[in-house]
Amino acid sequence: MAVVTIENVDIVFGDNLAQTLPLMDKGHTRDDIIGMTGDVVGVQNANIEVNEGEICVLMGLSGSGKSTLLRAINGLNKIARGRCLVRDGDTMVDIAECDETKLRHMRTHRVSMVFQSFALMPWLTVLENVAFGLEMQGMPKTERLIKAREQLKMVSLDQWADKKPDELSGGMRQRVGLARAFAMDTDVLLMDEPFSALDPLIRSQLQDELIELQKRLNKTIIFVSHDLDEALKIGTKIAIMESAKIIQEDAPEQIVLNPATEYVEKFVAHTNPLNVLRGNSLMTHIKELASTDDKVVIDDSTWLEIKEGKLISVQGAQGELPVVRWTSDTVIEDVAENTVFIAPSSIAMRDAVEIRYHSNHVIVLEKNEQCVGILTDHNFYHALLGKHFGRDTEAA
Amino acid sequence: MNWLTDNKIPLGAWMENFVDWLVTAASGFFDLVSITLETMIITMVDAIDALHPFAVIAIILVGVWFLHRSLGLLVFITAALLLIINMGYWVETIQTLVLVVSATAISVLIGVPIGIAAAHRPWLYTILRPILDLMQTIPTFVYLIPTLILFGLGYVPGLISTIIFAIAAPIRLTYLGVSKVPSELIEAGLAFGCTKSKLLYKVELPAAMPNIMAGVTQCIMLSLSMVVIAALVGADGLGKPVVRALNTVNISQGFEAGIAIVLVAIMLDRICKSPSAKKEG
């Protein structure tokens, strides 16, 4: 169910809306329009739907309009045209249209925010900072301090409750920022490059913490990032923006496999495929292998025995090889050597590489109990060299 | 050239007419202000003067201890106040302190809201800036004359002149503080649902507090620098013996009164400055 729906949203900074909007419709670029009316087009014709429990990442370089779009969702940026619907109980409220009281209600009860620069109040203690939003909700003092303390415990900072923000490290400050936003108990969480100001180790640690928190709390998160690895790690959906427009919106794996434009391809070329790709996009399809009757040949000495699509056995030079069906709970080290792993086709590339590191056989992939393909070293090298997304364009 | 001097623009005459008009049209108002302020200041001076000087010193010391917890400062204040009593300027010091504190209080009460309003409305600050410059640069004696005519002799014209001179500090620094609040703090305030007034009291003013406190400190020091000038229009205090010493070419009296003013200045400076410095750090 959609929690946030953005429909044909335009955002323009400047005072000449009446002239700028028609120019946008005529297809003039952002640079043209600055020259003609002096207005800056922040976002042009954006459409996104974010469902409950999703983490939607808005990706792009600085100036691409990703933060601008994010800030429209809680009304920090004014929407020039279009609708931005946010769920409020059983109704959808249009942020572009709502009055001040309604907007305040949405900000205190439905949408909270985490900032890149933390934006903690330096004169308040850590605890008071976490309680800041609760105070705006109108919660009585003792109650909100109790609740703020619980939130601090959640990000394991309860020892620091009475310190001032400037006594904390960057990572700790952003955890306070997270606690402040989570304390509001809102369905929607806006995160504006929350980890960009942190060093890489702390960043990755906070990403993991966020993923853990999200598993428990199941919020709807809209996350801005300029780092595709981060987007691929935490996003369930990624929207890539360039010069105020959304140019591709897709599942993380699809972005990596089928970049829509050269711009996206450039982003993708620098990412680590281990975190994103899955067996079914890496594998050599069963139909591509040489087969006779029920035998599917893998190499000179090994072949698969398959009946009506089902894997019966794996045969080696010395007869049938032992097999094991891999699940995420399997301890690879405990499996005897010379065993062939059978894995679901949705296996993550990282897990597949782990298996290959331990076993000296190819990995057989299954989907709905049907054997669909195999993973060989060639498939891994192909992905690691970044050739996986070029495949479609080469074929075409 | 002759033509230019012959056709003099009557700027001075216009001002005089304006003051004359004020005196006739609004004398009731000015009298009321004058009497209220005069009574207020005299009551305060009398109340403090009724106490034993040592009791007053004790009260000041307790207050300073709570603000600063500095033994050195207490020793200095005790020594300074005892020296003032010894020189025979206790009552004058009280009068000066009351004048300075009143001028500062009124300046802050008027100046801080004006500063906030100006920070929120750029056009207002554009109008205010030349007026503030004028108030600070025009020689004090020039507006001493109309204030004297409007409010009569005594504390009040001194007080009003002091305020005109000193009010620019809290206005400017409040403006600076509020307009320099980091935009991400404002955004955070809004994102968490601040109303306009909540944003002011919970975000803008606390963030601007170091600047506002600096404005208050400056205001106090500027007020103190007006003591001697206020004495010219009849305000009692440490300025009076200085003016008297000047008229009678009395070196010893002038020097002693001067020392007393310097001591008061150092005390006020030390008492005011640290709290704001602590907040900044």
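Residues are numbered from 1 along each chain as its sequence is written, and chains are lettered from A, with ligands numbered from 1, in the order in which they are written. As the model is predicted, local features need pLDDT of at least 70 and side-chain atom pairs count only at pLDDT 80 or more, while totals for chains, interfaces and linings use all residues.

## The two chains

Chain A has 16 helices and 20 strands. Chain B has 14 helices and 0 strands. Helices (H or I, at least four residues) and strands (E, at least two) are DSSP runs, numbered from the N terminus. The table sets out some overall values; a residue is buried if 20 or more other C-beta atoms lie within 10 Å of its own, exposed if 12 or fewer, and partly exposed in between, with C-beta atoms placed from the backbone.

| Chain | C-alpha extent along principal axes | Buried residues |
|---|---|---|
| Chain A | about 75 × 55 × 40 Å | 42% of 396 residues |
| Chain B | roughly 70 × 65 × 40 Å | 35% of 281 residues |

Contacts along each chain can be sorted by separation in sequence. Two residues are in contact if their C-beta atoms, placed from the backbone, lie within 7 Å. Of the contacts in chain A between residues at least 6 apart in sequence, 61% join residues at least 24 apart. In chain B, 74% of the contacts between residues at least 6 apart join residues at least 24 apart.

Chain A is divided into domain 1 (2-271) and domain 2 (279-385). These bounds come from an automatic or database domain assignment. The C-alpha centres of the two domains lie 42 Å apart.

## The six-stranded sheet of chain A

An open sheet of 6 strands in chain A has the order S6-S7-S8-S3-S9-S10, and its pairing is mixed. Two strands pair if DSSP finds at least two bridges between them. Strand S6 (111-114) and strand S10 (245-250) of chain A are the edge strands, each pairing on one side only. On average, neighbouring strands of this sheet are turned by 20° against each other, direction ignored.

Strand S3 (residues 55-59) and strand S9 (residues 237-242) of chain A pair in the parallel sense over 4 bridges. Cys56(A) has Lys237(A) as its bridge partner in S9(A), and Met59(A) has Ile240(A). On to S10(A), S9(A) runs antiparallel, with 5 bridges; here the bridge partner of Ile238(A) is Asp250(A). S9(A) and S10(A) form a hairpin with 2 residues between them, and Ser243(A) in the turn has a positive phi of about 40°. Because 5 of its 6 residues are buried, S9(A) is largely enclosed by the rest of the structure.

Helices also lie on this sheet. Helix H3 (residues 66-73) of chain A lies across S3, S6, strand S7 (188-192), strand S8 (220-225) and S9, running at about 155° to S8(A). Helix H8 (residues 170-183) of chain A packs on the sheet and touches S6 and S7, with its direction at about 180° to that of S6(A). For such angles, axes are lines fitted to C-alpha atoms, for helices over the stretch in contact, and angles run from 0 to 180 degrees between N-to-C directions.

## The five-stranded sheet of chain A

A further open sheet of chain A has 5 strands in the order S12-S13-S14-S15-S16, with antiparallel pairing. Its edge strands are strand S12 (291-292) and strand S16 (319-321), each pairing on one side only. Strand S14 (residues 303-307) and strand S15 (residues 310-316) of chain A run antiparallel and are joined by 5 bridges. Leu304(A) stands opposite Val314(A) in S15(A).

## A helix pair in chain B

The axes of helix H2 (residues 11-50) and helix H8 (residues 155-166) of chain B come within 9 Å and cross at roughly 95°. H2(B) and H8(B) are therefore roughly perpendicular to each other, a term that covers 65 to 115 degrees; angles under 35 degrees count as roughly parallel, over 145 as roughly antiparallel and the rest as oblique. H2(B) brings Ser34(B), Leu37(B), Glu38(B) and Ile41(B) to the contact, and H8(B) brings Tyr155(B), Val156(B) and Leu159(B). These residues divide into 5 nonpolar, 1 polar and 1 charged. Ala, Val, Leu, Ile, Met, Phe, Trp, Tyr, Cys and Pro count as nonpolar, Asp, Glu, Lys and Arg as charged, and the others, Gly among them, as polar.

## Where the chains meet

The contact takes 15 residues from chain A and 13 residues from chain B. On the side of chain B that touches chain A, helix H10 (183-191) and helix H11 (196-224) of chain B each supply at least two residues. H10(B) gives the most to that side, with 6 residues. By class, the side of chain B that touches chain A has 8 nonpolar, 2 polar and 3 charged residues.
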